[in-house]
Structures are given as structure tokens and as C-alpha cells.
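Please look over the sequence and the structure before reading on.

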Amino acid sequence: MATAVRRGSYGVDAPYVLFGLACGAVGFVFAGFGAEMGPGIALASVFFLLAVVMAVSSALYLNATRRGKFQVWSEILDELALRGDEQVLDLGCGRGAVLLMAAERLTTGHAVGVDLWRTVDQSGNALDVTERNSVAEGVRERVELRTGDMTELPFGDGEFDVVVSNLAIHNIKSSEGRARAIDEAVRVLRPGGRLVIADIVAASAYQRRLTELGVADVRVRPLGPRMWWGGPWMGTRLVSATKPADS
């Protein structure tokens, strides 16, 4: 079992969302004070209540991006019970939060991360940052980083034993594009390989597509408050499946 305590620097997921929540909290506080001097206490109370809601949402979001996702993914990877010799692919690896924890569980295996390295999806997202994190976590020799599109992966059929993805596929804007990413994830899995996707939207669509592809043991479950991105209305769900051994 690898620890969820990290030595690398992993930034903030979708930093503009956290900034918006924090600005909303501050804005409602000022609106409340303004209402006290104008329309009245009742309206001010509404604004102050909204400020509290936004402040709590900010705290939940910050916890999810700085601690919660590491704790939850450490448990998910432990559940996979990797032998250590697997080839693991992380779709949309970003600064390596999940990729490097997977690499810690490998001995002779290899962990490959693919990303387009966009900072709108994660603050400071860049290939060289992830490389430095792999060094900080002591797994550089077991990690390979590639620039690539999830809808057209630069890998052959059946190259990987495990494919994981955390909060990445939803960044593809179209439903058709997200379906292609699922298709690609299944294509690069070896027969009997396992797929694990955590995302905040479209989990049901992933489940349907995997079922259409004939993938076995497709399951969806919520990941709880530690991965609430502001509140339960933006909770994360886990989609897991196994590619049939005879495919």
C-alpha cells in the first residue's frame, strides 16, 4: 500500500472554479453589508447566508483538490491490488496525482500518462512539472509522459493492463468526443484489463457506452464528500469495468 501523502506539487483542478466560488463568498459579504445600510436586515441575512454557502463550497472544493482526491484514489488503487508488473495508462494525467500513485505500486511495470497539458484544466499543468513530480515521488524510472489526445491515443491495441482517468474526460466538450475517448480506452486495454474512471459528469453516459461495447462488470458508485467539488451537486462518481478476456 502506498501513502496518500505527496511530495510533489499538484496545483488546483479547474482553478477558475475555485476563484469564482471565493469571489462569490466575498461578494455576498459586501452585498450583505450594503443591504444592512439600505433595503434592510432581511435582505442582508439572505446575502450573508449565501456568503456562508459559497465559503463552505470553496472549502469543500479546496479540500477535494488538495487532499480528498489523493486519499480516495489511494484507496481505489489499493482495491485494484496491482501485482507490480502491470502496464498502466492514465488518461489526462495532468501533474500526476493519480499517475504517480499508480507508479508507486509498480515494481517491474510501467505507468504512462497522456495529456494535452492545458492550464485551464489544472493550474500549472505542464509536462516538465509532471516530470519533476515523478522525481519528487521517487518513481521517475517507472513513468513515461506523452502529449496526446484521449480521442486518438498514440498506442496500439491491447497495450495496457489498467487504464485510469481522473476528472479528465468531461473536459471533452462533445458527447461524441467523450464516447470516442471511452472507445479508445477500451481499445488499448488488453483482454481481461481493467478500466477505472472518476468524473463529475457523464458517468451514466460512460456506463452506457461501455455496455454497448460489450465490456464486462460495468459499475458506477459515488466517491463521497472527499471528492465533492463545492457540494453534493458536483460530486464525483467512479465508473469501473473489465474488458472481456475473449475480446
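Is Asp 161 buried or exposed? The model shown is predicted. In this model, Asp 161 has a relative accessible area of 13%, and because buried means under 20%, Asp 161 counts as buried.

**Asp 161 and its surroundings**

- Strand E4, which covers residues 160–166, contains Asp 161.
- Leaving aside residues up to four places away in sequence, Asp 161 is in contact with Asp 85, Glu 86, Gln 87, Leu 189, Arg 190, Gly 193 and Arg 194.
- One of these, Arg 190, makes a polar contact of 2.4 Å with Asp 161, side chain to side chain.
- At Gln 87, the backbone nitrogen is 2.7 Å from a polar atom of the Asp 161 side chain.

**Helices H5 and H6**

- Two packed helices are described by the angle between their axes and the distance between the axes.
- Helix H5 spans residues 175–188 and helix H6 spans residues 203–212; their axes come within 10 Å and cross at roughly 50 degrees.
- H5 and H6 are therefore oblique to each other.
- The two helices, H5 and H6, cross in a right-handed sense.

**Residues where H5 meets H6**

- On the H5 side, the residues are Arg 178, Ala 179, Ile 182, Asp 183 and Val 186.
- On the H6 side, they are Tyr 206, Arg 209 and Leu 210.
- Sorted by class, this contact of H5 with H6 has 5 nonpolar residues, 3 charged residues and no polar ones.

Methods:
Residues numbered from 1 in each chain as written. Predicted model: local features only at pLDDT ≥ 70, side-chain atom pairs only at ≥ 80, totals over all residues. Heavy atoms only, no water. Axes fitted to C-alpha atoms, helices over the stretch in contact; angles between N-to-C directions. Helix = DSSP H or I, 4+ residues; strand = E, 2+ residues; numbered from the N terminus. Parallel < 35°, antiparallel > 145°, perpendicular 65-115°, else oblique. Left-handed = near helix turned anticlockwise from the far one by under 90°. Contact = heavy atoms within 4.5 Å. Nonpolar A, V, L, I, M, F, W, Y, C, P; charged D, E, K, R; others polar. Buried < 20%, exposed > 50% of the residue type's maximum accessible area, 1.4 Å probe, protein only. Polar contact = N/O pair within 3.5 Å; in protein donor to acceptor, adjacent residues only side chain to side chain.
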